[in-house]
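This report is written for a reader meeting the structure for the first time. Please keep the sequence and the model at hand while reading.

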Amino acid sequence: MSSQNIYILAIESSCDDTAASILLNGKVLSNVVASQKIHEEYGGVVPELASRAHQQNIVPVVHQAIEKAEITKEMLHAIAFTRGPGLMGSLLVGTSFAKSLAFGLNIPLIDVNHMQAHILAHFIDEEGFSKPPFPFLGMTISGGHTQIVKVSNYFEMEVIGETIDDAVGEAFDKSGKILGLGYPAGPEIDRRAKLGNPKAFAFTKPRVAGLNFSFSGLKTAILYFIQKQVKINPNFIEENLNDICASIQYTIIGILIDKLKLATKETGINHIAIGGGVSANSGIREALKNGEQKFGWTTYVPKFEFTTDNAAMIGIVGYLKYLEGDFTEQDVTASSRLKI
């Protein structure tokens with residue numbers, strides 16, 4: 001690692017959170033996130049509204065990140081930003097701002113893959129959190145993504161399993177919508193699952209070959225189950241909500257753990273690093289920890305604030321790329337479907 005003090009400004013704007021962070025040699029000095037509440041009434045993210053909110057938030061968020069870090073913008077060595085994947089309108093706001101500021105300060109520009117950043121968030125210098133050794137399996141679970149990635153080093157990653165339809169976060173949110181819960185539904189399902197019986201209702205796990213995932217069929221099965229039961233008893237949801245949530249969460253966790261078991265068997269890798277917003281789910285964390293005893297793997301979960309979309313994870317990738325001299329040009333463009 002470099003002996004010089006390297007200050008990186010990182011910007012994340014891939015979906016509905018505008019975030020900025022300052023890192024010093026891989027350690028987070030500030031990590032500011034402006035969340036958008038407007039999407040709650042629509043039951044999901046509205047891309048046009050998201051990009052407008054980013055335009056309003058990005059200047060104050062970056063200003064606040066620099067102030068909290070107690071530095072000046074003239075001290076920055078580079079600016080890292082999310083190039084993709086994500087919502088195109090949202091990505092354009094962050095990309096354009098980063099390019100303009102880097103040009104104005106005459107400092108390097110570093111483009112970052114959002115999915116790589118979720119995995120490399122484990123390498124943020126944070127006391128009390130251990131870093132996974134190479135090679136390891138990275139499982140990213142969020143509202144838009146479900147992937148298992150074989151990670152050989154910082155920048156050598158291979159996707160060995162991913163969803164063929166809905167992501168795991170969508171499975172939680174769509175199930176919550178069926179049950180009349182708010183958006184996002186994941187935290188509420190998690191809270192109620194702790195109060196219910198996870199084996200009260202049985203839902204069939206989708207049969208998908210290899211390490212790929214599918215959650216669309218599970219959502220449909222839940223919908224038909226609820227419709228059938230409500231016809232019999234109009235108060236079925238209200239009377240059984242905790243048990244329904246517990247059973248849904250139990251099924252989703254089972255799908256994830258089954259695929260991880262298969263991945264460790266096929267690769268021989270027993271170190272598992274989890275990331276993405278859904279990794280905040282207490283049931284998933286508990287199942288992973290239990291797996292250490294049952295299946296002999298070691299699990300790594302980053303600090304809570306680095307699991308959801310945030311700029312600190314963009315910053316650590318920026319720092320690692322800075323050390324490699326891996327910069328991008330001013331003609332770089334956002335890419336909504338950027339792959340690892």
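Strand 1 and strand 4 (residues 78–84) run parallel and are joined by 4 bridges, where strands count as paired if DSSP finds at least two bridges between them. Within this pairing, Ile 8 stands opposite Ala 78 in strand 4. Helices (H or I, at least four residues) and strands (E, at least two) are DSSP runs, numbered from the N terminus.

The model is a predicted one, in which local features need pLDDT of at least 70 and side-chain atom pairs count only at pLDDT 80 or more, while totals for chains, interfaces and linings use all residues. Residues are numbered from 1 along each chain as its sequence is written, and side-chain values use heavy atoms, with hydrogens and water left out.

**Strand 1 and its hairpin**

Strand 1 also pairs with strand 2 (residues 17–24), in this case in the antiparallel sense and through 6 bridges. The two strands form a hairpin with 4 residues between them, and Ile 11 has Ala 20 of strand 2 as its bridge partner. How many of the residues of strand 1 (residues 7–12) are buried? The count is 6 of 6, where buried means under 20% relative accessible area, exposed means over 50%, and partly exposed lies in between (1.4 Å probe, protein chains only). Both faces of the strand are covered, with Tyr 7, Leu 9 and Ile 11 buried on one side and Ile 8, Ala 10 and Glu 12 buried on the other.

Strand 7 then forms another hairpin with strand 8, with 2 residues between the strands; the pairing of strand 7 with strand 8 (residues 156–162) is antiparallel over 6 bridges, and Val 151 stands opposite Met 157. By contrast, strand 9 (residues 271–275) and strand 10 run parallel and are joined by 3 bridges, and here Ala 273 stands opposite Tyr 300 of strand 10.

Contact means heavy atoms within 4.5 Å.

**Helix 5 against helix 7**

How do the axes of helix 5 (residues 186–193) and helix 7 (residues 236–267) cross, and within what distance do they come? They come within 8 Å and cross at roughly 110 degrees, which makes helix 5 roughly perpendicular to helix 7. Angles of 65 to 115 degrees count as roughly perpendicular, under 35 as roughly parallel, over 145 as roughly antiparallel, and the rest as oblique. On the side of helix 5 the contact is made by Ile 189, Asp 190, Arg 192 and Ala 193, and on the side of helix 7 by Leu 241, Asn 242, Cys 245, Ala 246 and Gln 249. By class, this contact has 5 nonpolar, 2 polar and 2 charged residues, where Ala, Val, Leu, Ile, Met, Phe, Trp, Tyr, Cys and Pro count as nonpolar, Asp, Glu, Lys and Arg as charged, and the others, Gly among them, as polar.

**Single residues**

Glu 127 lies in the loop between helix 3 (114–120) and strand 6, and Glu 239 is found in helix 7. A search of the whole structure finds 0 disulfides, a disulfide being a pair of cysteine sulfur atoms within 2.5 Å. The table gives the accessibility of some single residues.

| Residue | Relative accessible area | Class |
|---|---|---|
| Cys 15 | 23% | partly exposed |
| Cys 245 | 0% | buried |
| Glu 127 | 75% | exposed |
| Glu 239 | 54% | exposed |

The C-alpha atoms of Glu 127 and Lys 27 are separated by 9.7 Å, with the two residues 100 apart along the chain. For Glu 239 and Arg 207, which are 32 residues apart along the chain, the separation of the C-alpha atoms is 31 Å.

Note on methods: Axes are lines fitted to C-alpha atoms, for helices over the stretch in contact, and angles run from 0 to 180 degrees between N-to-C directions.
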